[in-house]
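Reader: I would like to learn how to read a protein model feature by feature. Could you walk me through this one?

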Amino acid sequence: MKRFFELVVVALVLALAACGGEDAKDAAGKGPGGPGKGAPGKGKARTYAVEGYIAKAHEASKKLQTMATLEAMNSVMLTAATNGRLVNLYAKDGANVQKGTLLAKIDDSELRAQLKQAESNHQLAKQKKDRTQGLVEKNAATQADLESAEANLKSAEASIELIKAQIAKTEVRAPFGGKLGFVNVSVGAWMTSGTSIATLSEVKQLKAKFALPQRYATHLKVGDSIELLDEERGISRTGKVKALDATISESSRTRQVMVVVDNGDGEWIAGSYAKVSVEFVTSHSKSIPVPAEALTLDKDGGYVFIVKEGKAQMARVETGLRTPITVDVVSGLTEGDTVITSGLMSIRQGSSVRIREIRNNADYEVD
């Protein structure tokens, strides 16, 4: 009897298992909850909606336009070097002067008197030295006496030189040829060291300084021509690069450039602004500018993704000049290629893509 009950239990378990298998088949597709209804089938590959840019070639050059400040080639504030009353003033407002021209004279009468005394002392010291030397030759004086007389003579000579130097400080002379500004003093004024007399500027040549962005830091050299434009008066002139700063500023990441402009006709004015136009020409005859965000860099270099038959395709590229918003591609792209400019973090080689918007080339041009 016990054996009979065991066989019945086994039969019931097998029957229940069979019913469960049928239910599973129905759930998989035979019943009302088949594919397309209760459970999804195998999904399609994801398509990414991206923005594109149509590659267009142009001459491989970039024009940089910035502002420069015009400065006098040399400029100095003429000041008194000593204290005293101004007795003569030869400087005239706006006058052209030559190097070495006497412009102002401070009273030196006291120093002249001291000079006469020093010259007298020098004469006495020289006579004493000569007499002592004669006595030494006759063994009537010692060598120490002669050395003392020579020292006194040198001291008298130094006194004369010192007073002459002090007298020279009472004269204000032009350190170079140039044009005077307005004269700030009058005859009779009491001058102290540092009192301003006038500004002297050399303006037959002007220098213009401007900042060159780091990306262009090595694209200029001494002697290159630079076009300058005074927009206020509508005049332009070509200058030459005279010097480039040895370093790039850490704060602005720019390199200072100095350009010299001929101003023999006096048409340009120091202190004014001028627009600088610099055209950089690369070693490649043509290039394709693409948005900077389209370029990705890895250990092998740069690459972009282009669209081919609805798929993203990696294109290795060689780049040239860069700006904050464009990169010149000199090889690796063909004019007319659609370059992907968005969604680059998600797409991979062969990803399905759909162009939702085409960017305009003009949006990325830099003047």
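Author: Happy to; we will go from the whole chain to its sheets, helices, cores and a few single residues. This is a predicted model, in which local features need pLDDT of at least 70, side-chain atom pairs count only at pLDDT 80 or more, and totals for chains, interfaces and linings use all residues. Residues are numbered from 1 along each chain as its sequence is written, and side-chain values use heavy atoms, with hydrogens and water left out.

Reader: How many helices and strands does the protein chain have?

Author: Helices (H or I, at least four residues) and strands (E, at least two) are DSSP runs, numbered from the N terminus. Here the protein chain has three helices and 19 strands.

Reader: What percentage of the residues count as buried?

Author: Buried means under 20% relative accessible area, exposed means over 50%, and partly exposed lies in between, with a 1.4 Å probe and protein chains only. Of the 367 residues in the protein chain, 34% are buried by that rule. For the surface, accessible areas come from the Shrake-Rupley method with a 1.4 Å probe, and for residues only the protein chains shown count as cover. The protein chain exposes about 22200 Å², with carbon and sulfur atoms supplying 52% of it.

Reader: And how do I read the contacts in the protein chain?

Author: Contact means heavy atoms within 4.5 Å. Among contacts between residues at least 6 apart in sequence, 74% join residues at least 24 apart.

Reader: Which residues touch the most other members of the largest nonpolar core?

Author: A nonpolar core is a set of buried Ala, Val, Leu, Ile, Met, Phe, Trp, Tyr and Cys residues joined through side-chain atoms within 4.5 Å. The largest has 23 residues, and Phe210, Leu220, Leu228 and Val259 touch the most other members. Strands that each supply at least two residues of this core include S2 (58–79), S9 (196–213) and S13 (273–291). Apart from it lies another core, of 19 residues, with Leu86, Leu103, Met191 and Leu200 among them.

Reader: What is the strand order in the open sheet of four strands?

Author: Strands of a sheet pair through backbone hydrogen bonds, either parallel or antiparallel. Two strands pair here if DSSP finds at least two bridges between them. The order is S6-S5-S3-S8, with antiparallel pairing. S6 (171–173) and S8 (190–191) are the edge strands, each with a single partner, so one side of each has no neighbour in the sheet. Inside this sheet, S3 (residues 84–89) and S5 (residues 102–106) are joined by three bridges in the antiparallel sense, and leucine 86 stands opposite isoleucine 106 in S5.

Reader: Where does S17 pair?

Author: S17 pairs with S16 (residues 311–322) in the antiparallel sense over three bridges, and the two form a hairpin with three residues between them. In this pairing, threonine 319 faces valine 329. Five of the six residues of S17 (residues 326–331) are buried, so this strand is largely enclosed by the rest of the structure.

Reader: How do I check the span of helix H3?

Author: The expected span is 1.5 Å times one less than the number of residues. For the 26 residues of H3 (residues 143–168) that gives 38 Å, and the end C-alpha atoms are 38 Å apart, which agrees. H2 has 29 residues and reaches 43 Å from its first C-alpha to its last, close to the 42 Å expected.

Reader: What do the buried residues of H3 pack against?

Author: They pack against S5, H2 (109–137) and S6; Leu146, Leu153 and Ile160 are among these buried residues. The buried residues of H2 include Leu111, His122 and Lys129, and H3 is part of what covers them.

Reader: Which residues have a positive phi without being glycine?

Author: Most residues other than glycine have a negative phi, and most peptide bonds are trans. Asparagine 139 is one of the exceptions, with a phi of about 60°. This asparagine lies in the loop between H2 and H3 and is exposed at 71% relative accessibility. Glutamate 309 also has a positive phi, near 50°; this glutamate lies in the loop between S15 (301–308) and S16 and is exposed, with a relative accessible area of 81%.
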